[in-house]
Amino acid sequence: MNQAAKLPHPLTTPLEQIDVSDPRLYEQDAWRPYFARLREEEPVHYLADSAFGPFWSITRFEDIVAVDSNHKDFSSEPTIIIGDLTEDMPFEMFIAMDPPKHDVQRRAVQPVVAPQNLADMEGLIRSRVVDILDNLPVGETFDWVERVSVNLTTQMLATLFDFPFEERHKLTYWSDIAAGSPEIAGGDVDPEERMAGLMECLETFTRIWHERKGRENSFDLISLLQRDPNTADIVERPLEFLGNLALLIVGGNDTTRNSATGGVLALNQNPAEYDKLRANHSLIPGMVSEIIRWQTPLANMRRTATRDMEFKGKQIKKGDKVVMWYISGNRDESAIDKADEFIIDRANPRHHISFGFGIHRCMGNRLAEMQLRILWEEIMQRFSFVEVMDEPERVRSNFVCGYKTLPVRLHAL
Ligand code: HEM
């Protein structure tokens, strides 16, 4: 992939050459017309040659739901990202497993996001949000990504794992490198650095595991894994242990972080919506769902066909990669009214596809929504305007749709 070359034209490039796995499309925020064309002209599209090998793209909302709901024909093994696994790092994580193993491992960690646990966490999250917001400079330009989005989600992760609070920045670092290597999703993290970082992650959590053994009445993720008979010995299977740690770290981090930034950007680009919010703070819960749809923090999930089949008139072969583009499904006018617009008071705001569907549907969706709701409730108590001062710098990845920086300036109420 030549990073310097111009992007191919979305309308004149031959259909069979349209490559939506090119990470520059997301870095340059240029993806919309490519997907609009695929949805219109070839919603189940085959690309024979890409930096990640051949793959099918599923771009319409209903077709994505159909694939995501059918784990028998569309397996999550061996991986759910477009790139192939490198042989030296065959991660195992339950997002990339089929039943029954998937179900057993998901069940072990699910209690961390049970309604009661979330309700118990709400006060702590709110106090951390308040602390972050009260320490921001008013009237000066600063980076929202670093000071708010990263800070908030890192603190949240440290809470979920009961990770040493003063070392919590390590969680952010591991999250960034876990999903950022070029062969995985087109990112720019050096593979050697990635490997070294992940090894440090494994060592750190292995130490925490042994120190924590036998702790009672604790609902952090490590204690939950230890207490469930199906995962009580997971530490003895390092690749599985590491894989699931990486899943929970990336799952809880990048996604929410980028929604916390995306919301600020969306409101700045749509001033009339910001006015609606100023006039009526009860719109916040619906707005949070709309932000998550508009941002689509994970662009896609990949499946692998388990048999030869016909799907929407196309012949998919056993072993083919099938990529569900959530980022496109969320802009599908046949499923969502005015799908390209950001509208904070939609009638049915949770009708989006950012959390996926079926047995792998995001485990942390309610937690993410809660964090973002609290963030906006507290922002609106303090600031009349979080003003975007310049273009954001976006992440180069075809998987994580996010921001490196967003310069903003706060206006007090
Ligand atoms: C706005 C924030 C978030 C978005 C957009 C998001 C998105 C997703 C998506 C698209 C999937 C795969 C769904 C599928 O294959 O059908 C997923 C799975 C998952 N997410 Fe999230 N996520 C978010 C926040 C979180 C948080 C805060 C956590 C932390 C607990 C989390 C943990 C997980 C886990 C563990 C899985 C794997 C579920 C499984 O395979 O059964 N996510 N998420």
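This is a predicted model: local features need pLDDT of at least 70, side-chain atom pairs count only at pLDDT 80 or more; totals for chains, interfaces and linings use all residues.
Which helix holds Asn258?

1. **Asn258 and its helix.** The answer is α11, the helix that covers residues 238-269. Another position to look at is Leu239, 19 residues away from Asn258 along the chain. The C-alpha atoms of the two residues are 27 Å apart.

2. **Surroundings of Asn258.** Is Asn258 buried or exposed? Asn258 counts as buried, because its relative accessibility is 2%. Leaving aside residues up to four places away in sequence, its contacts are Gln295, Val400, Cys401, Gly402 and Tyr403. One of these, Cys401, comes up again in the next point.

3. **Cys401.** This residue touches Asn258. Cys401 is itself buried, because its relative accessibility is 8%. Which cysteine sulfur is closest to that of Cys401? It belongs to Cys362, and the separation is 15 Å.

4. **Cys362.** Find this residue in the loop between α14 (326-329) and α15 (365-382). Cys362 counts as partly exposed, because its relative accessibility is 28%.

5. **Burial of β5.** Turn now to strand β5, residues 300-305. How many of its residues are buried? The count is 6 of 6, so the strand is mostly covered by the under 20% cut-off for relative accessible area. Both faces are covered. On one side sit Asn300, Arg302 and Thr304, all buried. On the other sit Met301, Arg303 and Ala305, also buried.

6. **Partners of β5.** Which strands does β5 pair with? One is β3, residues 74-75, in the antiparallel sense over 2 bridges. There, Phe74 has Ala305 of β5 as its bridge partner. Another is β8, residues 321-325, which is joined to β5 by 5 bridges and also runs antiparallel to it. In that pairing, Arg303 is bridged to Val322 of β8. Both Ala305 and Arg303 are on the face of β5 that also carries Met301.

Notes
Residues are numbered from 1 along each chain as its sequence is written. Side-chain values use heavy atoms; hydrogens and water are left out. Buried means under 20% relative accessible area, exposed over 50%, partly exposed in between (1.4 Å probe, protein chains only). Helices (H or I, at least four residues) and strands (E, at least two) are DSSP runs, numbered from the N terminus. Two strands pair if DSSP finds at least two bridges between them. Contact means heavy atoms within 4.5 Å. A disulfide is a pair of cysteine sulfur atoms within 2.5 Å.
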